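Welcome, and take a moment to look around before reading on. The report below starts with one residue and then widens out to the whole chain.

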Amino acid sequence: MNEVVLYRKYRPQRFSEVLGQDHVVRILSNAIRLNRVAHAYLFSGPRGTGKTTVARILAKAVNCANLAGNFEKNSGQIGIRRSEAEADSRGIVCEPCNTCDACLDISSGQSLDLVEIDAASSRGIDEIRALRDAIRLSPLKNKYKVYVVDECHMLTREAFNALLKTLEEPPSHAIFVLATTEFEKVPETIASRCQHFEFRKVSENIIRESLREIAQKENINIDDEAVGLLAFFADGSLRDGHNLLGQIISLPNDKIDAQQVRLLFGAPSRELVEGLIQSFIDKDSQSAFSIIKKAVDSGIDARLFLKFILRDIRSMLLLALAPNMEKELKGLLGENEFRFLQAAKDRFKPEELEFILRTLLDAYTVRPHFYLPQIPLELAVIKIINRR
Ligand SMILES: [Zn+2]
């Protein structure tokens, strides 16, 4: 099994399967249900958060022959499907059926009424020109023809101008979805003609749940701590999370644990992370510096090390101040790490943890120098150990 397959296989096919973007799918599904679909959308946000996936679901929903909707009519009835009940609670009011011709064509990538242009690879001049000429033609089979321009900020100025002309007078059968990871590079003239949706980084918790679910379905033997680490590395991108899981399961091991994940992705061992936190407790600069040296010598990226410490200190602060988050943190961190942090937090006053967190965060925002990239961490450690 390779990683791309895993991502494609679990790509959401319905609004309710889209994770972490409720604010987008709620509004979109309402617009579709009320027949108030806009002619141009701009989806901005970090990579791997579902922009083109939502564009495809939108293309299906506007063309679907039996748009399933009216969830609220069903809610409360016995036997309601779980996904529908959930969709209802999230304010999703319609879904593509995924069984009619239009839905199936689009799902399989066969539909001529869904045109996807990747501006990053083509810069789009010819495509946009061709599109401008073709756009007057009605959809071949469906009500709407949907044009998705991915990484639209990469379009050349000529392509943008061509696009602008089209957006000024879009034919009634055309829907544009412009997707971008760099909203600030999209010309104002374009952005102002689109309905803008901001996609957000997906929370570590949601990514972890998703990975756990996929691992279960795929019969992958992977422990919770390892799943938590993958979610951490995914850094808000569900796609990255799925790809990382794909990489991990291509290893020839029967059981995947956190140690293997750490090794594969060059993450510091718990021993190093916990050692450094212990040195904060003991105010022991000698031990702190030898731990950082050991980490760097063994090829661990200093910034990544810093990120792990940040994560732990933040967890300790939350445990100290918001004990009701205990369960969530336990799931996110895994049993061993959780137990260590639970005990370690009592060795600090909350205001100490706050100071340490702030200091580490400052260090993390410093762009690491190529020469001795561990310097920001070392400076932070000096401050932390000399705290009063
Ligand atoms: Zn359908």
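The model you are looking at is a predicted one. Leu6 belongs to helix α1, which spans residues 3–9.

**The whole protein**

Stepping back, you will find 21 helices and seven strands in the protein. Its C-alpha atoms fill a box of roughly 75 × 55 × 40 Å, taken along the principal axes. Of the 388 residues, 40% are buried. Among the contacts with a separation of 6 or more, 81% are between residues 24 or more positions apart.

The domain assignment divides the protein into domain 1 (3–198), domain 2 (204–265) and domain 3 (270–385). If you look from domain 1 to domain 3, their C-alpha centres lie 42 Å apart.

**The sheet**

Now for the strands. Five of them form an open sheet with parallel pairing, in the order β4-β5-β6-β1-β7. The edge places belong to β4 (114–118) and β7 (195–198); each has a single partner strand, so one side of each is left without a neighbour in the sheet. From one strand to the next, the twist averages 15 degrees.

| Strand pair | Bridges | Direction |
|---|---|---|
| β1 (residues 40–44) and β7 | four bridges | parallel |
| β4 and β5 | five bridges | parallel |
| β5 and β6 (residues 174–180) | five bridges | parallel |

Phe43 has Phe197 in β7 as its bridge partner. Ile117 stands opposite Val149 in β5, and Tyr147 has Phe176 in β6 as its bridge partner. To get from β5 to β6, the chain passes through helix α9 (residues 157–168), and this β-α-β crossover is right-handed.

How many of the residues in β5 are buried? In this strand, residues 145–150, the count is six of six, and the strand is described as mostly covered. Both of its faces are covered: Lys145, Tyr147 and Val149 are buried on one side, while Val146, Val148 and Asp150 are buried on the other.

Finally, turn to helix α19, residues 335–344, where Glu337, Leu341 and Ala344 are buried. These residues cover an arc of only 65 degrees around the axis, which puts them on the same side of α19.

Key. Residues numbered from 1 in each chain as written. Predicted model: local features only at pLDDT ≥ 70, side-chain atom pairs only at ≥ 80, totals over all residues. Pairing = 2+ DSSP bridges. Helix = DSSP H or I, 4+ residues; strand = E, 2+ residues; numbered from the N terminus. Axes fitted to C-alpha atoms, helices over the stretch in contact; angles between N-to-C directions. Buried ≥ 20, exposed ≤ 12 C-beta atoms within 10 Å, placed from the backbone. Right-handed = clockwise from strand over helix to strand, strands pointing away. Domains from an automatic or database assignment. Arc of directions from axis to C-beta. Contact = placed C-beta atoms within 7 Å.
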